[in-house]
Amino acid sequence: MDFKESGFMYLLGSGMVVFILLQSLFFMKKAWGQGKKLGIKVSTLKNTVVSSVLFTIAPALAILVTVITIAGALGLVLPWIRLSIIGNIGYEVTAAQSTLEAFGIPGGLNFEVKDKTVFAAAAWVMTVGSVMPLILLPLFLKKIQKRVGKAVNANAKWADLMSAAAFIGLIAAFIARSVIGAGEKDIAGDGAGFLSIATLLSAMLFMLVLQRLSKKPKLKWLEPFAMPLSMFLAMGVTTVLTLPQDIINLEWRG
Amino acid sequence: MGGTYFDKVHRWGKISSLTSLAVMLSIPLAICVYFDVWPQASVVLNGLLKVIPLFWSVAVIEVITYAPMLGAGGTYLSFVTGNISNLKLPCGLNAMQNADVRANSEEGEVISTIAIAASAITTTIIIALGVLLFSPLLPLLTKEGSLFAPAFQQVIPALFGALGAGYFAKHWKISVLPIAFGIVVLVFAPAFPVGTLIFVTVAVSLLGAHMMYKKKIV
């Protein structure tokens with residue numbers, strides 16, 4: 001067990017869990033009290049909790065899966081922490097990758113991070129990259145809420161489009177790289193090539209299929225799992241494609 | 001301490017946001033202190049400069065877009081735990097619909113907060129348990145030479161392929177330009193660093209989407 005999964009890291013993670021739980025319970029308790037004052041039935045309040053818990057189980061498992069996928073490079077604990085506090089897999093991966101590049105590390109997140117300094121730097125970039133909302137909210141939320149209704153309704157479509165466009169821009173860079181980017185010349189497997197394109201296309205294909213399937217009434221539960229499942233299946237395709245090499249190697253060694 | 005519930009929620013929200021900020025920043029700080037490693041500020045900054053323009057602008061857009069839908073308590077809580085558009089937001093909206101309350105009403109505020117708190121608790125517990133239960137298995141999967149090592153080396157195409165397909169299916173018109181642009185850049189400069197490439201593709205994507213919006217193509 002290396003430093004990325006040391007007792008210390010788990011301690012940090014546990015602290016974070018306690019913090020989030022306490023904060024959530026605090027807000028829930030206050031809202032509950034206010035709800036009763038407003039005359040909302042207790043049964044309604046209870047139902048809200050139950051339905052939200054049930055609603056969350058699948059997406060939470062999906063997020064867990066994404067934590068595991070980057071655990072190869074960053075260990076289990078840092079992704080766990082980052083994806084639990086303002087986390088979003090696309091952003092965290094981007095931030096980590098950007099850090100590794102700043103260190104001139106070939107291969108980026110495709111390989112395990114073994115250097116503590118690099119690890120620490122990745123933690124900083126992933127964290128600072130994501131903090132903005134926590135600065136904006138205390139400063140502006142009350143004002144925003146006061147004048148919000150009209151402005152956003154008029155431009156909601158544009159705002160949605162811009163958010164989607166920003167995210168698409170981000171994804172486009174990685175896709176372009178998987179199609180035609182160069183990795184380090186000394187490292188086999190990190191530049192674009194057959195494997196990366198095969199993986200990319202498989203992931204896209206699986207995703208489109210799973211999304212289609214999840215629109216069927218009996219398969220609605222599939223929806224939050226579509227993305228991580230597609231990822232895993234695509235990685236499965238990679239494994240299958242590299243099997244012949246493993247088999248050949250086995251024979252040679254034997 | 002007086003004031004309406006609205007005032008109080010904002011007060012607690014401000015306190016909780018600032019404490020969350022402190023907790024967040026203390027993680028990388030604790031890592032540095034405990035392992036006694038202090039990465040050069042210039043390198044960290046280098047990494048940051050590539051992501052901040054994108055992340056921080058999206059943060060502004062998200063705050064403005066989601067706040068009206070989630071109410072005050074819901075917004076403060078959502079942003080601490082993240083995964084808003086894919087989890088907290090639909091969860092909050094679903095709860096308000098089930099309880100038959102309007103999003104911007106006092107009742108909506110209460111229901112949304114409770115729903116998101118429940119969601120945050122559930123997510124946190126599930127991920128924590130999952131990590132603890134999974135940890136003995138991880139080395140088996142990722143060590144060099146294991147059957148699965150190549151798969152873990154293709155995480156990026158797998159992840160962004162899956163993520164992308166979802167977005168492209170819905171927004172294919174605005175997706176073509178940034179991808180094409182990214183590919184063209186890499187044709188001429190194959191080793192163009194991804195951080196800077198993101199800058200470029202995001203800018204192209206935003207400009208393209210905005211123009212298409214104005215011309216009513218989207």
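The side chains of Asp7(B) and Lys142(A) meet in a salt bridge, 3.1 Å from N to O; a salt bridge here is a side-chain nitrogen of Lys or Arg within 4 Å of a carboxyl oxygen of Asp or Glu. The model is predicted, so local features need pLDDT of at least 70 and side-chain atom pairs count only at pLDDT 80 or more, while totals for chains, interfaces and linings use all residues. Residues are numbered from 1 along each chain as its sequence is written, chains are lettered from A and ligands numbered from 1 in the order in which they are written, and side-chain values use heavy atoms, with hydrogens and water left out.

**Chain A overall**

- Chain A has 8 helices and 0 strands, where helices (H or I, at least four residues) and strands (E, at least two) are DSSP runs numbered from the N terminus.
- Along the sequence the pattern of chain A reads α-α-α-α-α-α-α-α.
- Of its 254 residues, 55% count as buried; buried means under 20% relative accessible area, exposed over 50%, and partly exposed in between (1.4 Å probe, protein chains only).
- Among the contacts in chain A with a separation of 6 or more, 59% come from residues 24 or more positions apart; contact means heavy atoms within 4.5 Å.

**Confidence**

- The average pLDDT of chain A is 83, and 88% of the residues score at least 70; pLDDT is the predictor's confidence in each residue, from 0 to 100.

**Interface of chain A and chain B**

- In this interface, 143 residues of chain A are in contact with 137 residues of chain B.
- The area buried between the two chains is about 13,200 Å², with carbon and sulfur atoms giving 81% of it; buried area is the accessible area (1.4 Å probe) that two parts lose on being put together, summed over both.
- The rule finds 2 salt bridges across the interface.
- Between chain A and chain B, 9 residue pairs are in polar contact, both residues being at pLDDT 80 or more; a polar contact is a pair of N or O atoms within 3.5 Å, where within protein one must be able to donate a hydrogen and the other to accept it, and residues adjacent in sequence count only if both atoms are side-chain atoms.
- Helices H1, H2 (42-74), H3 (77-84), H4 (89-102), H5 (116-130), H6 (132-180), H7 (194-213) and H8 of chain A each supply at least two residues of the side that touches chain B.
- H6(A) gives the most to that side, with 38 residues.

**Salt bridges**

- Over all chains the count comes to 7 salt bridges.
- Arg177(A) pairs with Glu101(A), the closest N and O atoms being 3.5 Å apart.
- This pair links distant parts of the chain, with Arg177(A) in helix H6 and Glu101(A) in helix H4, 76 residues apart.
- Arg177(A) is partly exposed at 23% relative accessibility, whereas Glu101(A) counts as buried at 19%.
- Asp7(B) lies in helix H1 (residues 5-35) of chain B and Lys142(A) in helix H6 of chain A, so the pair joins two chains.
- Asp7(B) is partly exposed at 27% relative accessibility, and Lys142(A) is partly exposed at 23%.
- Salt bridges that share partners join Asp2(A), Lys4(A), Glu112(A) and Lys114(A) into one network.
- Within it, Asp2(A) and Lys4(A) form a salt bridge with their closest N and O atoms 2.9 Å apart.
- Asp2(A) counts as partly exposed at 28% relative accessibility, but Lys4(A) is buried at 2%.

**Selected buried sites**

- Phe27(A) is found in helix H1 of chain A and is buried, with a relative accessible area of 2%.
- Not counting residues up to four places away in sequence, Phe27(A) touches residues of chain B including Trp12(B), Tyr76(B) and Thr113(B).
- Thr124(B) sits in helix H4 (residues 106-134) of chain B and is buried, with a relative accessible area of 3%.
- A polar atom of the Thr124(B) side chain lies 2.6 Å from the backbone oxygen of Ala120(B).
- With the same exclusion of residues up to four places away in sequence, Thr124(B) touches Val17(A), Ile20(A) and Leu21(A).
- In H3(A), 8 of its 8 residues are buried, among them Trp80(A) and Arg82(A).
- H3(A) is followed by Ile86(A), whose phi is positive, near 40°.
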